[in-house]
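Dear colleague,

I am passing the structure on to you below, and my notes on a sheet and a pair of helices follow it.

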Amino acid sequence: MIQILPDHIANQIAAGEVIQRPASAVKELLENAVDAGATVIELIVNDAGKSLVQVIDNGKGMDLADARLCFARHATSKINAIEDLFHIRTMGFRGEALASIAAVAQVELKTKRAEDQAGHLLEIEHSVITREEPVAMKTGTSVAMKNLFFNVPARRNFLKSNAAEMRHIVEEFTRIALAFPEIVFTLHANNQQLYHLEAGSLKQRIIQLLGSTYTSKLVAVQEDTDYLTIRGFVGKPETARKTRGEQYFFVNNRFIKSSYLHHAVMNAFQALLPAEHFPLYVLFIDLDPQQLDINVHPTKQEIKFEDEKIVYAFVQAAIRHALAQFSVTPTLDFELDASIQRLSSIQQPTTDATRAATRDSALFQHFTQKNKAHTIEPTTKRSAENWQAYTPIQNELPAVKEESTLFSLAGERSFVQLLNTYIVVPSAKGFALIHQQAAQERILYEQYQQSSHDKPVATQRTLFPITLQVSAADAILLDEMKGILQQVGFLLEEEKKQSYILQGVPAGFESGNEVSFIESLLEEYKNYNSDLQLPLREKLFRTLAKKRAVKAGVALNEKEMQQLVSDLFACGDPTTTPFGQPTLIEFKKEELDKLYQR
Ligand code: ADP
Ligand code: MG
């Protein structure tokens, strides 16, 4: 039997596309305030937006009829005809946001126009107006969204930790605040002021939002053509970080994600950046709305350009030009454009080629071909005693050579390192190849697990305190990570908002890389498969272990190999990394014999 869904259910379903988390409401409400012509916009959130997201503006307000109507689906004052879509200058136009919010939360709207004596207060629940009365207020609008997903518990449960949701909120806030530096923005979270952004230039706004590290480190970008213009700033190469997140593209003042245009910027920077570093950029591309289709994505973060290639070339040229003008890059580089490009395209594949060569080598092939060599059995079959028996053997080398422990050394005193990656360990039944990086991931991981608040990993004081400045979004993450970082040897003190001092690092930590290490940790942690609902501790330990492990391709001396092998076999589970990859593979005599057809 076919049924037409009741409105409130249809709205709830449609809302799923627009309002996924508190930050989605933040975006929509801030955009509405901007569209209403506000010059001062306040954002208030409680409980990372889960209990309250409120936006108060001093914009043009609504009359009673509009106040009643604005929560209906497809209620918009911004377009009348389909042709209008091609001239959009406002942030919103689909007329879905307020309807969606009203479908999944309780809403209180207060609004007043300049020409009206009093304002109107409306309360909406389950998409229905439940209260309506006049209210004394200043001109403008306040929309409060309370108890998001109170009527959709399944979606409420999907929300992440407060720190994670707050990070999304700050991110949305940052995007809009960057796009409108002439508007005053404030952000309060749980009654604390996080931001008060005065109206000013774009440069001032960037520094207020992304940190004072960028004072005098921004290069202006400005190019105009009949077809499009680009303006904004890029960070000088020395400010590039290993973390992403300070790359902003706006098209007609709307934040967009575009890996294509990101590539254009990276290309313009290429020779100037260390590997895996990302420069800050805040770039505004303006063009005739007819040249793009903003309607392709419901949350409007992806757009299509009529001619992508032109935009790419334009962005790349504009950044090159800016960098050259500010003599960040020697003019020569700028002119020798093509040859630089060739240079780096040679550099990239070289590493791949080296890797491919390793992969293709007869030795490697032999050991990895299926059915030709033996992969080690699951851990359960090997008791801890067996592994532990290994440790003493190592220390008194030849004495135990006859003993048939699992891995007795066949009379050899030294380990052999192959390809600067594998350590050959003779075993009673043949030999094993230990992957040095995988092995160290396991060793470090178990060390971290054994550490605790009272028993932290040994720390060494940094000689000079090292300052670490991060974006507001990363600061939230870092605050969340701080306690556990301390447990594993990183002493991080908050100096002021978004600025930390690194007082100590784990003993033995290579100096000079502290900041980029923490940045890359942040980055990995952000990209960590968020579907895995692992506790923060566990995630961090794994990430840290992976980051700190000695890398494949590093030559180890005899002592280091010995240490690594004995540490590995002292582990609770020496056979796999915390990510489940093998740390060692054993090749048994029977299988070797078979290979030689004996
Ligand atoms: P859209 O922004 O796509 O038009 P919304 O659901 O976000 O759709 O808003 C519906 C309508 O409500 C807007 O078109 C506008 O007329 C009105 N409106 C929403 N927020 C405000 C506000 N802060 N001030 C004035 N009018 C608003
Ligand atoms: Mg809107």
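Two strands are taken to pair if DSSP finds at least two bridges between them, and the strands (E, at least two residues) and helices (H or I, at least four residues) are themselves DSSP runs, numbered from the N terminus. This is a predicted model, in which local features need pLDDT of at least 70 and side-chain atom pairs count only at pLDDT 80 or more, while totals for chains, interfaces and linings use all residues. Residues are numbered from 1 along each chain as its sequence is written, and side-chain values use heavy atoms, with hydrogens and water left out.

In the sheet, strand S10 (residues 228-235) and strand S13 (residues 281-287) run antiparallel and are joined by seven bridges, with Val 234 standing opposite Tyr 281 of S13. They belong to an open sheet of five strands, ordered S9-S10-S13-S11-S12 with mixed pairing, whose edge strands, S9 (218-224) and S12 (254-256), each pair on one side only. Helix H6 (residues 162-179) packs on this sheet and touches S11 (247-251), S12 and S13, where contact means heavy atoms within 4.5 Å.

As for the helix pair, H8 (residues 259-269) and H9 (residues 308-325) pack at an angle of about 30° with their axes 8 Å apart, the axes being lines fitted to C-alpha atoms over the stretch in contact and the angles running from 0 to 180 degrees between N-to-C directions. Among the residues that meet there are Tyr 260, Leu 261 and Phe 269 in H8 and Val 311, Tyr 312 and Ile 319 in H9.

Conventions: Chains lettered and ligands numbered in written order.
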